[in-house]
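I opened my notebook to get to know a new structure.

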Amino acid sequence: MPEFEPIRKKGGRKKKQTVAQSLFPCKGDSVGEVIRKIVFLLAILTLIGATAVIIWFYFVRTDNLNKEVQDMLSHRGESSNDVISIKINYTNEDGTVEEKEVTILEEYAEMYQEYPDMVGFIEIYPWIQYPVMQTTDNDFYLHHNFYKVPTENGTIFADYEVPITADSMPANTIIYGHNLLTRNMFEPLSYYRRQGIDFLKENYLVTFDTLYEKNKYIIFAVFLANTTENWGEVFNYQNFVTFDSKSEFDGFVAECLDRSYYYTGIDLEYGDELLTLSTCDFSCLSDMRMVVVARKVRPGESPVLDTDTFIDNSGYDENWKLKRKMCEAYGVAWAGRQWDTSWIKDFEE
């Protein structure tokens with residue numbers, strides 16, 4: 001019986017390509033094969049570039065920022081009520097600036113020498129610990145650090161409209177900071193929304209010391225605000241640095257409570273000093289702000305609250321309407337005012 005001979009294809013067995021030949025265009029490739037290889041190589045280069053950016057963003061930049069913060073904190077003295085006299089650039093009521101000798105907290109004396117635009121120090125320990133800057137606009141410290149060096153990280157700063165001095169404070173001190181993915185600056189403010197009422201129960205007190213006195217504030221509202229009419233009615237909370245009347249004050253705090261995720265139930269009255277913390281929010285719509293509003297602890301008042309009385313207002317009512325007020329673009333109707341109007345002294349709707 002004749003031996004079986006397999007039929008061989010014309011041209012014989014195809015020569016195996018090397019790794020380099022399979023990745024890079026080479027002689028003999030068709031036009032389509034060259035294009036495929038070029039597209040693949042571009043994709044690899046893009047992936048490498050993106051990985052490098054991520055590494056820089058999360059490790060190099062974060063490390064640099066943390067070094068800045070640690071250097072800043074190293075200039076802070078031990079916490080005490082001791083005061084010293086120091087010459088500072090003092091802003092008068094007419095806006096003019098002069099060098100003047102004032103009494104400031106010794107704890108912040110060295111920091112002030114290092115950061116001459118510093119007006120105070122904000123702390124929600126251990127999440128937020130920064131000096132607060134103030135200058136003649138609300139743009140400079142969006143793009144500069146404590147040392148006035150340009151950086152996209154910016155730093156924490158107070159609204160410029162009412163200077164913080166030894167003699168005066170804004171009726172509502174508004175403090176701004178970036179929401180960085182590196183969890184620096186004001187990013188921890190988002191924990192009040194993301195981690196729920198339990199986070200608030202552990203962090204309802206905010207310390208905001210000016211150069212001249214120590215202050216504590218109790219949070220009474222946490223909410224999201226849209227900044228563009230594309231999403232509906234805009235609550236311009238940033239315009240309320242001063243209050244010309246009781247009705248203006250009442251209207252502001254009522255709007256804050258209407259929008260709040262939670263209630264701590266503290267009482268409010270015209271003449272109280274307020275503190276508003278503001279940062280960007282990326283959780284649902286663009287151009288949103290995460291806002292935390294607090295009332296200064298009054299003289300002789302205990303800053304300790306019974307957290308069991310806090311109310312979670314973040315959900316829906318029995319008709320699936322939102323308990324808190326949100327912009328129209330959110331797509332869910334508001335159930336209406338949920339809080340006790342007696343919380344605002346002599347409140348008139």
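Predicted model: local features only at pLDDT ≥ 70, side-chain atom pairs only at ≥ 80, totals over all residues.

**Entry: Asp-281 and its partner.** Asp-281 has a relative accessible area of 2%, so I noted it as buried. Its side chain and that of Arg-193 meet in a salt bridge, at 3.2 Å from N to O. Arg-193 is partly exposed, because its relative accessible area is 21%.

**Entry: other salt bridges.** How many salt bridges does the structure hold? I found 20 salt bridges. One of them pairs the side chains of Arg-76 and Glu-123, at 3.5 Å from N to O. Arg-76 is in the loop between α2 and β1, while Glu-123 is in strand β3, so this pair ties together parts 47 residues apart in sequence. Glu-123 has a relative accessible area of 14%, so I put it down as buried.

I also looked up Arg-298 and Glu-269, whose side chains meet in a salt bridge at 3.9 Å, N to O. Arg-298 belongs to the loop between β11 and β12 and Glu-269 to the loop between β9 and β10, so the pair ties together parts 29 residues apart in sequence. Arg-298 is partly exposed at 21% relative accessibility, and Glu-269 is partly exposed at 27%. Both belong to a network of salt bridges that also links Asp-267, Asp-272, Arg-295, Glu-301 and Lys-345.

**Entry: Thr-276.** I went back to strand β10, where Thr-276 has its place. Is Thr-276 buried or exposed? Its relative accessibility is 0%, so it counts as buried. The Thr-276 side chain makes a polar contact with the side chain of Asn-172, at 2.9 Å. Leaving aside residues up to four places away in sequence, Thr-276 touches several others, including Ile-174, Tyr-237, Phe-252 and Val-292.

**Entry: helix α6.** Phe-252 took me to helix α6, where it is one of the buried residues. Helix α6 covers residues 246-259, which makes 14 residues. From first C-alpha to last it reaches 20 Å, close to the 20 Å expected at 1.5 Å a residue. Other buried residues of α6 include Phe-249, Val-253, Cys-256 and Leu-257. I reminded myself that residues three or four places apart point the same way, because an α-helix has 3.6 residues a turn. Which strands do the buried residues of α6 pack against? I listed β6 (172-176), β8 (216-226), β9 (262-263), β10 (274-281) and β11 (288-296).

Entry: Ile-38, Phe-40, Leu-42, Ile-44, Leu-45 and Ile-48 make a nonpolar surface patch of about 560 Å². Phe-40 is in helix α2 (residues 31-74), and it counts as partly exposed because its relative accessibility is 40%.

**Entry: two loops.** Ser-79 lies in the loop between α2 and β1 (83-91). It is exposed, at 59% relative accessibility, and touches Glu-107 and Lys-214, not counting residues up to four places away in sequence. His-144, in the loop between β4 (128-133) and β5 (157-158), is buried at 17%. The side chain of His-144 reaches the backbone oxygen of Phe-140 at 2.7 Å.

Entry: Most residues other than glycine have a negative phi, and most peptide bonds are trans. Pro-126 is in the loop between β3 (118-124) and β4. I also marked Trp-320, with a positive phi near 60°, and Asp-346, with a positive phi near 55°. Trp-320 is exposed at 65% relative accessibility, and Asp-346 is exposed at 57%.

**Entry: the whole protein.** Last, I stepped back. The protein has six helices and twelve strands. Of its 349 residues, 43% count as buried. It exposes about 19,300 Å², of which carbon and sulfur atoms supply 52%. Among contacts between residues at least 6 apart in sequence, 61% join residues at least 24 apart.

Terms used:
Residues numbered from 1 in each chain as written. Heavy atoms only, no water. Patch = residues over 30% accessible without salt bridge, like charges linked within 9 Å, V, L, I, M, F, W, Y side chains within 5 Å. Areas by Shrake-Rupley, 256 points an atom, 1.4 Å probe, with all protein chains shown as cover. Salt bridge = Lys/Arg side-chain N within 4 Å of Asp/Glu carboxyl O. Helix = DSSP H or I, 4+ residues; strand = E, 2+ residues; numbered from the N terminus. Buried < 20%, exposed > 50% of the residue type's maximum accessible area, 1.4 Å probe, protein only. Contact = heavy atoms within 4.5 Å. Expected span 1.5 Å × (residues − 1). Polar contact = N/O pair within 3.5 Å; in protein donor to acceptor, adjacent residues only side chain to side chain.
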